[in-house]
Amino acid sequence: MSASSIALSAASTTATPPAVPEIPATGLVTKWRAALRLDRVALRVLALILCVALWQAASVHHLDLGVLTFRFVPAPTEVAAAAWALFQSPKLSAHVTNSLIRVFAGFGVAALLGIALGLVIGRSRRLEDALLPPLEVLRPIPGVAWIPLAILMFPSSELSMIFITFMGALFPVLLNTIHGVEAIDRRLVASSRSLGAGRWSVFAEVVLPGALPSIVTGLAIGMGTSWFCLVTAEMIAGQYGIGYYTWESYTLQNYADIVVGMLFIGAFGMASSGLIKLVGRLLMPWHRIQERHT
Amino acid sequence: MTTFGTQKAGRIELRDIAIHLPGKQRFEAVRNIGTTIAGGEFVSIIGPSGCGKSTLLNAVAGYLKPSSGRLHVDGEAVSGPGSDRGMVFQHHSLLPWRTALDNVAFGLKMSGVGRRERRARAEEFLRLVGLAEFSDRYPAQLSGGMQQRVEIARVLINNPRVVLMDEPFGALDAQTRERMQQLLLEIWGRLQPTVLFVTHDIDEALVLSDRVLVMTHRPGRIREEILVDLRRPRPEDITVSPDFIALKKRCLALVQDEVRQSLVGGLEAARIELPVEA
Ligand SMILES: Nc1ncnc2c1ncn2[C@@H]1O[C@H](COP(=O)(O)OP(=O)(O)OP(=O)(O)O)[C@@H](O)[C@H]1O
Ligand SMILES: [Mg+2]
C-alpha cells in the first residue's frame, strides 16, 4: 500500500459511515461500468500511440529545443527495424533467458532474505538496532559501484551479476516488509493472544498476513528495481543478456539497438511487476474488499 | 466451565493494585484498587475520562503488569493474556483477512480443534449472535454493530471464565447499542461468564450490571461500589422506574464530582506551571 492510499483511506474512514453490505449492481450499471472501462483502455492506447507519433515527428524533423535535441535520436521506424532484426536473430532467446535467470535469481534471493529480515526487524526493537544501521549504509550504494567488489567477491561473473540484481531488489522488499509489520494494529496482536494464540501463531496468523499487502508492494517495486539494475549487472557479461545487448550497442554506437534494449527491459520489467501484483491480488481477496469499503 | 466448590469460576481478586505506565516520567495510572468480583458476576466500571479504566482492564487481560498488588483469577496470579479471559475493545479487532466464520473459529484453531468441528461450532456461535447468513463476509463487509457481534461470538466460543469489555458499544448508534445490550444479557444469562464492563454511559452500566464501580479521577481509585439490586430480567422501561432513577442520580453525582475534581486538579497543575514559563 502506498503512503498516499493510506492517507486517503484514513481520511475517508472519518468521513464515510460504517461499511455496509454491497448493493448488487443493476444490469444498466454494469453495462455503464464496462463502457467506462473500455473508454479508459482506449484512452491509454491512444496516449501510447500519440507518444510514439510525437517521437517519430521529433526525430524525423530533427527537433532541436536547445537543451534537448532529437537530432541523433533514432526514429520509431528505425527502432522497429532494429527490433525486427533482433527478433530474427538466433541470439534473442539466449539474451532473454540469460537476463530472466539473472533477474529472477537475484530477485528471488532478495525476496526471501528481504521478507525474512523485514519480519524479524519489524518485530524486535533489538534486532532492528543491530541490523538496520549496516543495511542503511549499504542502501544508497548504486549497482555500478558494486561491480568491482562483486567481481572480487564471487567466483563467477554469473554470480556477480546475480548479486547486483539482488542488491537492486533487496531494499524495497526489506523496507516495505518492515513498514508493513510495524504498521500492524497492536490490538490485533493483543486480542489474538487473548484468544489463545502463542508466539508462533501470532506470527503466522497476524503478523505475516497483516504485513502482506506491504510485502507485495515491496516485491513489485523490487522486481522493477531488479530490472533497473540489469544493464549495470550485464556490463560484466561476456556474451548474452538484454542488458549486455544494450550496453554493447552503446559501445558500438548502434543507437536504434540501444532503444530496442531499453524497450525490452521496460516491457519485461512492467510485465513481471504486473505478475507480482496479480499474484498478490489472488493471495489477498480481503485486501481489495477492505480498500473498497474503508 | 470449571467450578470451585460451590462458587462459579471467574472470580477476580484485586488487592491493593497500583499500575504505572511507561513514558517520559513513570506515570501512576491507577492506585490502591481493591475489590473482589464473584464468578459469574456482571460488574461495570465508570469514571472520568483518563482515570485508568482501560488500564485496569488491560491488567486483568494480562497485557500489562501491575507494579504492585495482587491480581488473581480463580486463585491464580495473572501472568499474561490467555483464552480464559476474553477481551472486546470499542472498535473490533477482527482479523481483516479472515471471514466472519474463520474469525469466530480462531480461538478453537488455536486450541487445536479440527477444521470441520471448529467451523461447525463457529456457525453455531454466529447463529447465537444472529449472523448465520454472514459467515462468508470479511469484517470490512460488515456494519459496526455486526463487527462487534462477531467479536463477541469470537470471544465466547472459547468459553472464557472472564469477559473483559472496554466500551464495546461506545461506537454504535443508540438503537444498535440497545439491541446489543439485550443480546449481551441473553448470552451472559446462558453462558454465565464473569463480565467486567467499562462504559461512559451510566444507563448502560445500570441496565446491565449487578454492581457498578465508580472510579476517582487519576490516579484512579475505587471511589464507591454501587450495588444494582434491580430484578432480572430487566424490562426495557426499567430506565424510567424510580429505583433506577435513584441509582442513576447517585452515580451521576459521583461521576460529576470526580470530573469536577479532575478539572480543578488540572487547573492547579497549570497554575503551578505558569510562573515557570513566565
Ligand atoms: N501507553 C501509555 N503510556 C503512558 N500513559 C498512558 C498510556 N496510555 C494511557 N495513558 C494515560 O494513563 C491514564 C489512564 O488511561 P486509560 O486509557 O486507562 O483511561 P480510561 O479511563 O480508559 O479513559 P477513557 O475513558 O478516556 O477511555 C490516562 O491519563 C492516559 O493519559
Ligand atoms: Mg478507555
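Author: Let us begin with a term we will need: a salt bridge is a side-chain nitrogen of Lys or Arg within 4 Å of a carboxyl oxygen of Asp or Glu. Please keep in mind that this is a predicted model, in which local features need pLDDT of at least 70 and side-chain atom pairs count only at pLDDT 80 or more, while totals for chains, interfaces and linings use all residues. Residues are numbered from 1 along each chain as its sequence is written, chains are lettered from A and ligands numbered from 1 in the order in which they are written, and side-chain values use heavy atoms, with hydrogens and water left out.

Reader: Which residue does B:R161 meet in a salt bridge?

Author: The side chain of B:R161 pairs with that of B:D84, at 2.7 Å from N to O. This pair links distant parts of the chain, since B:D84 lies in the loop between β7 (76–77) and β8 (85–88) of chain B and B:R161 in the loop between α4 and β9 (162–166) of chain B, 77 residues apart. Helices here are DSSP runs of H or I with at least four residues, and strands are runs of E with at least two, numbered from the N terminus.

Reader: And is B:R161 buried or exposed?

Author: B:R161 counts as buried because its relative accessibility is 16%, where buried means under 20% relative accessible area, exposed over 50%, and partly exposed in between, with a 1.4 Å probe and protein chains only. B:D84, at 22%, counts as partly exposed.

Reader: Where do B:R119 and B:D102 sit?

Author: Their side chains meet in a salt bridge of 3.9 Å, N to O. B:R119 is in helix α3 (residues 115–128) of chain B and B:D102 is in helix α2 of chain B, 17 residues apart, so this pair too links distant parts of the chain. Shared partners also join B:D74, B:D84, B:R85 and B:R161 into one network of salt bridges.

Reader: How do α2 and α4 of chain B pack?

Author: Helix α2 (residues 100–110) and helix α4 (residues 144–156) of chain B pack at about 30°, with their axes 7 Å apart; axes are lines fitted to C-alpha atoms, for helices over the stretch in contact, and angles run from 0 to 180 degrees between N-to-C directions. The two helices are therefore roughly parallel, given that angles under 35 degrees count as roughly parallel, over 145 as roughly antiparallel, 65 to 115 as roughly perpendicular and the rest as oblique.

Reader: Switching over, what is chain A made of?

Author: Chain A has 13 helices and zero strands, and of its 294 residues 38% count as buried. Its C-alpha atoms fill a box of roughly 65 × 60 × 40 Å along the principal axes.

Reader: At what angle do α7 and α9 of chain A pack?

Author: Helix α7 (residues 157–182) and helix α9 (residues 199–228) of chain A pack at about 155°, with their axes 7 Å apart, which makes α7(A) roughly antiparallel to α9(A).
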